[in-house]
There are 2 protein chains.
Amino acid sequence: MGSGRSKMAKPISIYELEGGPNQFFSPFCWAARFAVAHKGLPIETIRWKFKEGDKIAFSNQGLVPVIVDGNKDGKWVNDSWAIAKYLEETYPDRPSLFGGPQGEAAALFVQKWFQTGGPLGALFKIVILDIYKAQTPDLQPWFRETREAKFGVKLEEFSVGEAGVPDFQKALEPLRQLLAEYPYLGGKDGPSYADHFVAGMFMLAYAVSSVKLLEKDDVIYAWRERMMAAYGGIGKNAVGHPESL
Amino acid sequence: MGSGRSKMAKPISIYELEGGPNQFFSPFCWAARFAVAHKGLPIETIRWKFKEGDKIAFSNQGLVPVIVDGNKDGKWVNDSWAIAKYLEETYPDRPSLFGGPQGEAAALFVQKWFQTGGPLGALFKIVILDIYKAQTPDLQPWFRETREAKFGVKLEEFSVGEAGVPDFQKALEPLRQLLAEYPYLGGKDGPSYADHFVAGMFMLAYAVSSVKLLEKDDVIYAWRERMMAAYGGIGKNAVGHPESL
C-alpha cells in the first residue's frame, strides 16, 4: 500500500495561542505550524490562551509555541526557532527547512530583520488594537495593562491603525526587492523557514485585522497568496479576515 | 607535487575602482574580490577609475566590477551579483559561495537589506565627503556634480560625518543579533557571499575614512576583524585607515 511514511508518522502537537474561537493569531505559533507542515508531519493543535501557564508547565517556561513530538516519546521543544532547528535535526530526510548551514543562518537573519529592522514595529502599530480586541473579555484588562506598561502609552495612543500601512510597506522594501527576483525567501525551489516566519507575521494580521496591508500589484501580495495556499492551504483555510487581502 | 589545482588555475582579472594609488573603495568590487578569493582562484587587479568606460567597453556597459576569466577563454561578466552567480555555477567543486538555492536567495536578501533597509544610506552620510576626497583632482568636479544632482543638496549638506555613526550602528541591529548567534552571515561553517557583500561595504569605509564605525565590544567589530583577516588578509593588507578600526 505504498510507503506511507507520512501516514505512519504520529502527530506533532502544537500548543497554539488562540484569541476568539479558532482565531490563531501568534506569528510564532504560525511559524512552527508552517515548519511542521513543511516536514510533512501531521499537526495536532492544542488550544492555549494567555496566562494558561499551568498547561505548559512541563516546558519550564510560559510561552507558546511548544511542540510535543508523538514520534519521540513525547519530547517537547519550546520557542519557534528552537522548534525549527529541532525539526530539521530530527527529520533530516524530510524536506529541508534551511537547505544547509548557510540557509539556517539566513533564516535567523530574516527573522532578526523583521523583528528589529522595522516591519514588526510598523505592523504592531497597525494591529495592536485588533490584537487587544481578539482577546477574550477576561484577558483584555491584563493584555492592556502589560502592553501599556511596555509601550509607555495607552494602546489607543500607540495604535495608528490603517494610517500605518505606508510605513509598513516601506519597511518591507528588502523583501519586495528579493521577491522581484526569487519566488520565495528560500529561493527558486520553494519556501524555507525564512518564508514561514514572515508568513506567520502576515497570519497574525489576517487573524485579527481587516486592514489591507498590501497592494495587489506588490510582489509581496502574490508571495503571501502562495504562502497561504501552501501546505494544503493551512493559511487560507484559517479563521481570519478575507476582506484584508 | 600535490594536486596543485589552485596553482593551475589562471587568474580572474577584476576591473576594480581605484581612488588614490591602491585605494580600492568600491564595495561592489570588494564583494567580487572576496568571492573570487573564496573560490581559491588567483586574482589579477586591473585598476579602473570613474569615466574610463572605454577600458570596459567590451562589456557593453560602464560600471565595475567586471571580471575576465582567464580559465574560460577570457569570458567576461559584469555586476557583482552576476559575478557571484557566475563563479558559483562555473566552479561548483570549489568552496561554495551560497551553499545551495536557499543560501543564494538569502545572500541577495542581505544585499537588498543593506542597500534599502537603512545601513547603506546611513553609511553614505558618514563617508560621502571622504569618497569625494578619494577621487583624483580631475574627477572631483564630476563626482560632486553627479552626486549633488542625485541627492538634491550640496555634498557638505548631505554629509553628517562622524555624527552619523549612531544611526549606522542602529541600522545594523539585525546583523548584530545574527552575529550574536552565528560567527558569519553564512552560518557556523564560515563566510558566504552575504558576508562578502557586507564586508565590502566596510572595506569602502576603511579605504576612505578615518571614522570609527564600530565599538570594540560590538559583535560586528569582531566579525569585521575575521573578514579582514580572511583569504590571506586581502582586507587587512589593503591600503586604508587602520585608525578607523
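User: Which element gives the most to the lining of the largest cavity, and with how many residues?

Analyst: This is a predicted model in which local features need pLDDT of at least 70 and side-chain atom pairs count only at pLDDT 80 or more, while totals for chains, interfaces and linings use all residues. Residues are numbered from 1 along each chain as its sequence is written, chains are lettered from A in the order in which they are written, and side-chain values use heavy atoms, with hydrogens and water left out.

The element that gives the most is α4(B), with four residues; helices here are DSSP runs of H or I with at least four residues, numbered from the N terminus. A cavity is a set of points, on a 1 Å grid over the protein atoms alone, where a 1.4 Å probe fits but cannot get out, and its lining residues have an atom within 4 Å of a point. The largest cavity holds about 70 Å³ of space, a volume being the space filled by probe spheres set on the points, which are joined across faces, edges and corners. Of its 13 lining residues, the closest to the centre are Ala106(B), Ala107(B), Leu185(B), Ser192(B) and Ala194(B). At least two lining residues come from each of α4 (101–116) of chain A and α4 (101–116) of chain B. By class, the lining has nine nonpolar, four polar and no charged residues, where Ala, Val, Leu, Ile, Met, Phe, Trp, Tyr, Cys and Pro count as nonpolar, Asp, Glu, Lys and Arg as charged, and the others, Gly among them, as polar.

Key. 1 Å grid on protein atoms, 1.4 Å probe; cavity = no way out; pocket = protein on both sides within 12 Å on 5 of 7 lines; lining within 4 Å.
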